[in-house]
Amino acid sequence: MKRWLKKSAEDKILDTINYIFCAVLIFVTVYPFYYIFIISLNEGLDASFGGIYWFPRKFTLGNYRDFFSDIKWLRGLGISVSATALGTLVSVLFTVLVAYALSFRELVHRKLYMTIIIVCMYFSGGIIPYYALLKALGLINHYLVYIIPGALNIFFILIGITFFEDIPGSLRESAMMDGAGELKVFSRIILPISKPFLATCILFIGVGKWNNWYDCTFFVQSKALRNLAYLMMQVINSTQVSATSAMAGASSSNTTTLSVQTAAMVVAALPILCIYPFLQKYFVTGMMVGSVKG
Amino acid sequence: MRRRKVGQHKSGFRKQLPLQLFVLAGILYLSVFNIIPMAGLVMGFKDYKITDGWLGIFTAPWVGLKFFREFVTDFQFPVLVRNTVGISLCKLIFTFPLPIAFAVMLSDMRRGWFRKLTQTASYLPHFISWVIISGISYQFLSSSGILNRFLLALHVIKKPIGFLTDAGMYWGLATVLDMWKETGWWAIVFLAAIMGINMEMYESAILDGASRLQRVRYITLPSIKPTIVTVLILALGNLFGGGLGGSNFEQSYLLGNAMNSEASGIIQTYVYDVGLANGRYAYAAAVGMVQSVISLIFVFVSNAAAKRTAGSSLF
């Protein structure tokens with residue numbers, strides 16, 4: 001920590017422990033993903049014999065070809081992409097608008113609104129009454145079940161309120177003076193300076209939607225509406241118990257259900273791997289605001 | 001300027017109409033999707049079938065505590081409670097301290113590419129869904145997975161270890177996977193707290209001849225105690241959901257199977273099984289309520305305990 005002191009024996013030992021620990025941690029975290037990646041590039045039948053650690057043994061793009069030519073996987077991917085895009089858009093907009101309005105301390109009935117929101121955060125009816133409600137609303141087995149439930153994120157309302165409170169009120173007031181309406185002020189002035197918060201919101205809500213398998217498991221029975229996460233889960237469930245059933249799907253091109261599954265896993269993880277390092281600085285501050293003030 | 005508006009409620013509300021409409025839309029939404037289901041919990045005391053429709057919940061005949069009694073006397077009850085509490089406590093004891101240790105370690109390292117790489121890598125698994133992680137677990141830990149093959153090849157073991165199929169392994173599996181997924185993520189919060197500590201404290205400690213471990217023990221840890229307590233309360237509040245990661249259900253559903261169900265079956269998966277899968281909605285709602293009530297007691301007790309011992313609390 002302090003360069004002006006000479007390194008003691010203790011320093012050397014602790015530094016060594018730190019670096020070894022971190023190196024092990026990086027390996028343990030990254031290698032599983034790397035392994036799935038090389039398996040997805042290997043012939044499925046060959047991979048099932050084991051012994052692959054660092055590089056594909058029999059390189060092939062067959063798993064990806066099978067993935068992208070199977071209507072079941074393609075449809076799942078399409079559902080996941082569209083539900084994530086649309087669901088995130090709706091959810092972020094709704095959440096941000098409510099948070100923005102609630103950030104005004106002089107809002108009439110603010111206390112009542114906050115109480116309702118806090119109650120909704122801590123209490124819930126659980127999955128069973130929720131299912132009955134969605135059934136009554138006609139959302140069971142409907143595409144909109146991916147969009148409408150969860151359109152308002154309470155956790156991000158609370159973070160948003162603390163974020164918007166820090167924006168000086170004079171910004172809004174001077175714009176209002178110039179005759180701008182509330183929506184115009186929001187879209188022209190508030191949104192552009194809220195990028196850090198928006199980025200955090202989009203990342204978390206987006207990742208949540210992309211990774212969501214339980215909405216599909218609980219509320220959707222129709223095959224045409226299955227999303228990618230659900231389809232992956234289905235393969236895992238059917239192969240988990242015995243290795244023989246994993247081989248059962250072997251097709252002409254030496255791929256197996258399991259090896260196509262690894263391709264699906266790569267396709268599902270890739271967008272997240274590509275996005276999250278770049279949004280790091282935003283969500284790190286977002287986490288801090290949320291945990292310190294929330 | 002702003003102060004003047006307070007107090008003139010009627011005209012105030014009208015002046016704020018656009019803002020009020022945003023909020024009211026949100027409140028309306030919460031009423032439908034959060035508050036109405038809470039009212040629906042009353043089905044746990046009623047002889048309700050899903051075919052009765054939503055309003056049927058309120059018109060169905062009362063059965064009192066019948067379903068609660070049925071659950072408590074069910075042969076699975078002790079097993080489900082044991083697993084729910086056991087897995088949750090394992091996670092609390094073993095996964096909670098790890099992010100703190102990791103954050104202390106990171107703060108002790110020189111800033112540079114290696115530290116940045118370590119941190120970036122450490123929270124990667126947080127963003128990956130449990131479905132993919134259970135897929136990875138299968139590739140690594142099944143009887144023909146890479147770990148068993150590796151150990152067999154080294155002659156460390158004679159026959160594959162049933163990480164995923166042995167009931168005795170499940171609690172450990174759930175805990176270790178949770179550590180793997182969430183340690184780096186929660187370290188962010190503790191690292192931020194450590195970065196906020198006044199540097200002069202360390203400098204004078206060095207002049208006084210304090211060793212590095214002593215500095216951690218007497219400066220770092222006491223300084224971040226409020227953060228530790230806050231996060232601990234959050235974890236306790238969701239104890240039966242699986243603590244910080246809230247992963248009990250997803251793990252149990254995705255990694256549980258016929259072979260390890262004796263150790264992996266928890267109240268939440270039971271609710272799903274009897275309710276949505278087998279159609280016993282009223283009974284499942286009652287079972288879910290049992291867990292909610294226990295959790296709620298936990299939140300209040302842990303919050304009160306934190307208030308008394310550490311002087312900080314959530315509410």
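**Close-up views of a two-chain predicted model**

**View 1. The largest nonpolar core and its most connected members.** Of the 139 residues in the largest nonpolar core, A:Ala101 and A:Met232 touch the most other members. Such a core is a set of buried Ala, Val, Leu, Ile, Met, Phe, Trp, Tyr and Cys residues joined through C-beta atoms within 7 Å. The most residues in this core, 12, are given by helix 10 (residues 170-195) of chain B. Helices (H or I, at least four residues) and strands (E, at least two) are DSSP runs, numbered from the N terminus. The model is predicted: local features need pLDDT of at least 70, side-chain atom pairs count only at pLDDT 80 or more, and totals for chains, interfaces and linings use all residues. Residues are numbered from 1 along each chain as its sequence is written, and chains are lettered from A and ligands numbered from 1 in the order in which they are written.

**View 2. Surroundings of A:Met232.** Neighbours within four places in sequence are left aside here. A:Met232 is in contact (C-beta atoms, placed from the backbone, within 7 Å) with A:Gln261, A:Ala264, A:Met265 and A:Ala268, and with B:Val131, B:Ile132 and B:Gly135.

**View 3. The loop residue A:Leu107.** A:Leu107 lies in the loop between helix 4 and helix 5 (110-122) of chain A. This residue is buried, because 20 other C-beta atoms lie within 10 Å; the cut-offs are 20 or more for buried, 12 or fewer for exposed, and partly exposed in between. Apart from neighbours within four places in sequence, A:Leu107 contacts A:Ala101, A:Leu102, B:Gln16 and B:Leu19.

**View 4. Crossing of helix 4 and helix 7 of chain A.** The axes of helix 4 (residues 71-102) and helix 7 (residues 154-165) of chain A, being lines fitted to C-alpha atoms over the stretch in contact, come within 8 Å and cross at roughly 50°. Helix 4 of chain A is therefore oblique to helix 7 of chain A; angles under 35 degrees count as roughly parallel, over 145 as roughly antiparallel, 65 to 115 as roughly perpendicular and the rest as oblique. Residues making the contact include A:Val98, A:Ala99 and A:Leu102 of helix 4 and A:Ile157, A:Gly160 and A:Phe164 of helix 7.

**View 5. The side of chain B that touches chain A.** In chain B, 77 residues are in contact with 74 residues of chain A. Helix 2 (residues 17-40) of chain B supplies the largest share of this side, 15 residues.

How values were computed
Axes fitted to C-alpha atoms, helices over the stretch in contact; angles between N-to-C directions. Contact = placed C-beta atoms within 7 Å.
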